[in-house]
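Subject: Structure handover

Hello,

I am passing on the structure we spoke about, with notes on what was found in it. Please read the notes with the structure open beside them.

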Amino acid sequence: MHIKDILQIDDDLKRNEELYNLFDEEKRLESKAGQVEKLTTLREISKLINKDSKILDVGAGTGVYSIPLADEVAEVIAFEPASNNYKQLASKVSDKNLKNITAENKSSLEMNNLETNYFDLVLLFGPMYHLSEEKDRVETLKQAKRVLKDDGHILISYINHDMIPMTETKFDCNFFESNTYISDRQRLINRPFVFFTLSECIEMIEKENLNIIKKIGTSGFSEILGDQINKMSDLSYQNYLNWHLAHCDKEEFLGASNHYLFVCKK
């Protein structure tokens, strides 16, 4: 299916299904620029886990986080609704003989049967990219909170509405007259992904009585500077990564990142 056809699909799960038949999320994170977001996220996770930790990874994709975390914790349950991603995830679990990962072809709206107060860490890295209905986002956050232990953490990712137009303009100088931008409202159309401003993210989280411990711009400048970062020598890249990690949680830099990560507690 062509991306133009995918944009016309109203049902979130159906649109998500077709999108990941076309879009390779794992490949996006393979380049030096793409690794910035992944390495930043893994650094935050590493601060919150130990060998006894139980993790719920909702919207696990192809296992970008579930697979490496399996060696660090006691148990991982990974939900992934898109069939193409799920098949890759399940194949990796089988090939690596990872006994402590349970992969299920489920969405964030299918957490009802999970045990209350069970997980030390809940990862919501995909749901808020795709849930266009407020009621579905609310339900996802309520269920994530329910299954979390009282002293556990929820990590939530969002796509930054206000940086995406800048990134898109890098590829299309006339993006601001495209049909994915509503000029009189200065808003993006929520297709194929769903976008939020920083204040909208904060309001959504706090409305569910979650405490925001930390706000991080996980990708930083890596998408808008992607071509240059990918050309860096290993030394330059390591120095850039160190700079990014030292600045990614500073308020003045949050708006420059395409991706937000919120570390939350009950």
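Two residues are in contact when heavy atoms of theirs lie within 4.5 Å. On that basis, among contacts in the protein chain between residues at least 6 apart in sequence, 76% join residues at least 24 apart. Please note that this is a predicted model.

Overall picture

The protein chain contains 13 helices and 10 strands. Its C-alpha trace spans about 50 × 45 × 40 Å along the principal axes. A compact globule of 266 residues would have a radius of gyration near 18 Å, and the chain agrees with this at 18 Å. Of the 266 residues, 48% are buried.

Helix α10

Helix α10 covers residues 198–207, and C201, M204 and I205 are buried in it. Seen down the axis of α10, these buried residues fall within an arc of 95 degrees, so they line one face of the helix. An α-helix has 3.6 residues a turn, so residues three or four places apart point the same way. The face of α10 turned away from the buried side carries the exposed residues S199, E203 and K207. The partners against which the buried residues of α10 pack include helices α7 (127–130) and α8 (134–147), as well as strands β5 (148–160) and β9 (211–217). Strands β8 (195–196) and β10 (259–265) are also among these partners. Just after α10, N209 takes a positive phi of about 60 degrees.

F196 sits in strand β8 and is buried, at 6% relative accessibility.

R187 belongs to strand β7 (residues 187–188). Is R187 buried or exposed? Its relative accessible area is 18%, and the cut-off for buried is under 20%, so R187 counts as buried. Beyond four places in sequence, the contacts of R187 include H161, T180, Y181, F195 and E200.

The loop between β7 and β8 holds P192. A cis peptide bond joins R191 to P192, with omega at about -5 degrees.

Helix α4

T41 lies in helix α4 (residues 32–46). T41 is buried, with 3% relative accessibility. Not counting residues up to four places away in sequence, T41 touches Y65, F125, T218 and L261. Y181 is 140 residues away from T41 along the chain, and the C-alpha atoms of the two are separated by 29 Å.

Positive phi in two loops

N117 is not a glycine, yet has a positive phi of about 55 degrees. N117 is in the loop between β3 (101–104) and β4 (119–124) and is partly exposed, at 39% relative accessible area. Q186, also not a glycine, has a positive phi of about 55 degrees. Q186 is found in the loop between β6 (181–182) and β7, and counts as exposed at 58% relative accessibility.

Regards

Terms used. Residues numbered from 1 in each chain as written. Predicted model: local features only at pLDDT ≥ 70, side-chain atom pairs only at ≥ 80, totals over all residues. Heavy atoms only, no water. Helix = DSSP H or I, 4+ residues; strand = E, 2+ residues; numbered from the N terminus. Rg over C-alpha atoms; globule rule 2.2 N^0.38 Å. Buried < 20%, exposed > 50% of the residue type's maximum accessible area, 1.4 Å probe, protein only. Arc of directions from axis to C-beta.
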